[in-house]
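User: Hi! I'm new to this structure. Could you walk me through it?

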Amino acid sequence: MMVSDQLSLKRLWPHASKRLMLLLAFDCTIAVLYSVYDFKFLALSGLPLAPLGSAITIFLAFRTNAAYGRWWEARQLWGNLVNTSRALARQFLTMLDENFEDVEQIPLGRRLVLHQIAFVHALRCHLRRQNPFPELAGVLGADDAEQLRAYGNVPAAINLKIGRMLKQAREEGMIDSFRWTAIDENLTALSNIQGACERIKNTPLPRQFDYLPRLLVNAFCWLVPFGLVGDLGLMTPVASVLISFTFIAADVVSREIEDPFENTIHDTPMTSLSRMIEKNLREQMELPNTLRDVHPVEGFVY
Amino acid sequence: MTDSNRHLIFATSFSDACHAAIPSVARIVDALSARLTILHVYDPQKKTFREADSMLHSFFAEADNYPHCERQMISGPVFEGITEFCRHQKDALLFLPASDRIGLPRPFHRSLRTRIIRALPASMWTLNQTQKIGSSYGRVKHIAAWLTCPEEGLDHVRQAAAHAEMMDATLHLLHVVPDVHEGMLGSTMFSAAPLGTEYASTWLNKIAKQLPNHHNVKIHVTQGHRKRLLAKLLRQSQAELLMVSRQSALQHDFFRAALNPTLEDCSSALICVAQENSSLWTSAGLGSLQPA
């Protein structure tokens, strides 16, 4: 996620450079043919271009709105994950009647909170298609991480494991039905958050809304020099490239934010949010804080 | 449990390519049970120590939870910093992604990866813009080794076999015989590379039989345009890692050396293999094998 105030053009340029270079060469050709070689038939009235431009604007606006909607929903889901994680950690640490006499064992409440931290990291890795096991080995221990390798959906497996640990706690009399129900609601919320994230990840925008705007933008950019050359002559490439860049940039920008879990600079800042959740939950457990905050790198937070 | 003999150094400039390479690094760390060092060389003229330190600890932040991970920061020129650090790390694997595309031609660009391959004996892994091996967190199932000619040696095959044994993966030996043309017999003055697919298959089979787990080795030989067909062989083998020799990783022209363009189009991650024997890769004992 970009946090700096200024968008550097060098970030946009690699995505638009080929199209713009081709268009510049084409515009220069049209301008020279019209102005130097008197190919006057190349000049078109601006009338056909105006409705085409309006149609493209409608497509691009819809597409940009849809892409932003997905990006914002992803951010909201991770915001809910922060809230749910904190609520669950509080419940684990306060609602279990634990026997603290055995100092060798990690208290169940803390183990549950560590599993909640592991869930967050596993969900982040699951969405980014990243291997979570080195991280899970550090949070849960090598043995617990090794058990999770049998599962294809690791965050769901961790959620299930939390449920089983609570079931065992209930059988041992550490928790009653009312408290279990309250905790289970938050576990269900975790599943819902995971499901919604997977929905965004696995369901792209309809391809028609990806293909048609790009096609129309390309067609418009190729026609613009014909509409401008009659009035601008040899200055046509300058104006034409600027107009083309506007439409291409709008197309590129919406394309970049429509998938918020692709491990790009435009992603939801899951790494930063995961770190914040882990720090908060470790504070709740009164563990020493050894983790640093995640700060923006080159104007981006990951 | 991490075997501290395997050491992966991830050299980063915090570019978009470095961020995109993080899933690949996570997969390699898990596959090799390696300890990870995240290395950044910063220019003190452009950045203060505090800024660079903050960025280093924010980059790949999740690695702080890895069982064995450290972050190192060096000031000075990038090339000298990386090579000096790696020289002190025995048998380390250096991971260096490609630089970000800028959308403009770079006629005077000197590839850092090429310079490091030439300067360092250590193995280097690199990832081009279109390549990724971190798309899933399953184990690596297919590893390929590209053989061009007997003169390049078999160190990379040895290391590929060791990787395959370690990861319980299938090893694929790839070779592309050049197209038949009038001057091809002249190449026999400089190289003992096979000129036909049958001889090439025989050569690769001899090499494969010397490898441990030779029943898990597959041979892929074809004839034609090297650049196009190597990519095709990689797709056929479904290889996720490609081991190449230092000789075939670089292409020299009049002005400079560059990464072999044949490898730029490959869909797998590239690995450049050290020429010197590494103490880590002793499981495959191979002699020098010439084709028939």
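User: How far apart are the centres of the two domains of chain B?
Analyst: The centres of domain 1 and domain 2 of chain B, taken over C-alpha atoms, are separated by 27 Å. Domain 1 covers 7–126 and domain 2 covers 142–272, with bounds from an automatic or database domain assignment. This is a predicted model, where local features need pLDDT of at least 70, side-chain atom pairs count only at pLDDT 80 or more, and totals for chains, interfaces and linings use all residues. Residues are numbered from 1 along each chain as its sequence is written, while chains are lettered from A and ligands numbered from 1 in the order in which they are written.

User: And how many residues of each domain are in contact?
Analyst: 13 residues of domain 1 of chain B are in contact with 13 residues of domain 2 of chain B; contact means C-beta atoms, placed from the backbone, within 7 Å.

User: Switching topic, how many residues link chain A with chain B?
Analyst: 29 residues of chain A are in contact with 30 residues of chain B. On the chain A side, α4(A) gives the largest share, 6 residues. Helices here are DSSP runs (H or I, at least four residues), numbered from the N terminus.

User: What angle do α2 and α3 of chain A make?
Analyst: α2 (residues 49–94) and α3 (residues 108–127) of chain A pack at about 165 degrees, with their axes 8 Å apart. Axes are lines fitted to C-alpha atoms over the stretch in contact, and angles run from 0 to 180 degrees between N-to-C directions. α2(A) and α3(A) are therefore roughly antiparallel (over 145 degrees).

User: Which residues meet there?
Analyst: Among them, L81(A) and F92(A) in α2(A), and L112(A) and V120(A) in α3(A).

Note on methods
Contact = placed C-beta atoms within 7 Å. Helix = DSSP H or I, 4+ residues; strand = E, 2+ residues; numbered from the N terminus. Parallel < 35°, antiparallel > 145°, perpendicular 65-115°, else oblique.
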